[in-house]
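Biologist: Before we discuss the assignments, I would like to see the sequence and the structure together, and then ask about the grounds for each term.

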Amino acid sequence: MLTVAVLISGTGSNLRVLLEAARSTDFPARVVAVGADREAEGLAHAEEFAIPTFVVPYERFDTREQWGAELDEQLRVWQPDLVVLSGLMRLLPPDVVAAWAPRLINTHPAYLPEFPGAHGVRDALAAGASETGASVIVVDDGVDTGPILAQERVAVLPGDTEHTLHDRIKPVERRLLIDVIRRVATGELDLSFPRT
Ligand code: GRF
């Protein structure tokens with residue numbers, strides 16, 4: 001059974017879908033802990049599913065490196081086989097990436113390498129793109145630049161707002177993420193050698 005720790009910053013709607021999937025007996029992975037860089041709303045989903053949570057408040061630390069060191073300490077308590085960033089709105093320090101990648105993956109609401117960074121949905125709209133997408137990648141030291149594990153196109157519709165487009169992207173992200181986790185758990189996707 002693959003053990004997974006999930007890190008969030010926001011509403012955790014993608015986390016919730018993962019928790020629901022992991023509840024079914026035929027899913028080969030289980031979430032062992034949910035962490036956040038703030039008192040994120042999404043922690044309530046973990047509590048509802050009786051999953052342990054931890055918060056490492058970013059603003060309590062003088063540097064990103066100190067915050068990352070504490071986050072790493074918390075993750076080591078749970079020793080997850082896989083760490084999933086699902087709406088964590090922080091860049092991990094290189095030491096943390098080095099400690100966990102390539103068993104450290106992230107979901108992003110764009111068709112990488114298009115529109116990386118914190119505002120992928122907004123940037124696709126601003127660029128007038130006719131389509132964008134969702135991607136699951138291995139985290140590296142860049143901003144959404146790691147090896148792509150799964151991605152799928154999502155149309156941009158006339159009249160789309162950032163909200164309506166993001167709401168259309170998230171279900172695709174969730175499906176891709178659950179499929180990637182399933183493939184890692186079954187060994188079909190070997191993360192020990194990230195694809196270049
Ligand atoms: C997701 O689209 C994720 O890819 C992005 O932020 C969103 C998080 O949404 N980084 P939620 O917190 O899971 O609702």
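Biologist: In which loop is Phe115 found?

Modeller: Phe115 is found in the loop between S5 and H5, where helices (H or I, at least four residues) and strands (E, at least two) are DSSP runs, numbered from the N terminus. This is a predicted model, in which local features need pLDDT of at least 70 and side-chain atom pairs count only at pLDDT 80 or more, while totals for chains, interfaces and linings use all residues. Residues are numbered from 1 along each chain as its sequence is written, and side-chain values use heavy atoms, with hydrogens and water left out.

Biologist: What is the phi of Phe115?

Modeller: Phe115 has a positive phi of about 50° although it is not a glycine. Most residues other than glycine have a negative phi, and most peptide bonds are trans. Ala50, in the loop between H2 and strand S3 (53-55), also has a positive phi, near 55°.

Biologist: Why does Ala50 count as exposed?

Modeller: Its relative accessibility is 67%, and exposed means over 50% relative accessible area, buried under 20% and partly exposed in between (1.4 Å probe, protein chains only); Ala50 therefore counts as exposed.

Biologist: Why is Thr107 called buried?

Modeller: Thr107, whose place is in strand S5, has a relative accessible area of 7%, so it is buried. Its side chain and that of Glu173 are joined by a polar contact of 3.0 Å, a polar contact being a pair of N or O atoms within 3.5 Å; within protein, one must be able to donate a hydrogen and the other to accept it, and residues adjacent in sequence count only if both atoms are side-chain atoms. With residues up to four places away in sequence not counted, Thr107 touches residues including Asn14, Ser135 and Leu177, contact meaning heavy atoms within 4.5 Å.

Biologist: Why is His45 called buried?

Modeller: His45, which is found in helix H2, has a relative accessible area of 17%, and so it is buried. The side chain of His45 reaches the backbone oxygen of Thr11 at 3.1 Å.

Biologist: What makes strand S6 largely enclosed by the rest of the structure?

Modeller: In S6 (residues 131-138), 7 of the 8 residues are buried, so the strand is largely enclosed by the rest of the structure.

Biologist: How many bridges join S5 to S6, and how many join S6 to strand S7?

Modeller: S5 and S6 run antiparallel and are joined by 4 bridges, while S6 and S7 (residues 148-155), likewise antiparallel, are joined by 7; two strands pair if DSSP finds at least two bridges between them. The bridge partner of His108 in S6 is Ser135, and Thr132 stands opposite Val154 in S7.

Biologist: Which residues come nearest to the ligand?

Modeller: Of the 13 residues around the ligand, Thr11, Ser13, His166, Lys170 and Glu173 come nearest, where a residue is near a molecule or strand if one of its heavy atoms lies within 4 Å of it. A polar side-chain atom of His166 lies 2.6 Å from an oxygen atom of the ligand, and a polar backbone atom of Asn14 is 2.9 Å from a ligand oxygen. The protein covers 90% of the 370 Å² of accessible area that the ligand has on its own, areas coming from the Shrake-Rupley method with a 1.4 Å probe, and for residues only the protein chains shown count as cover.
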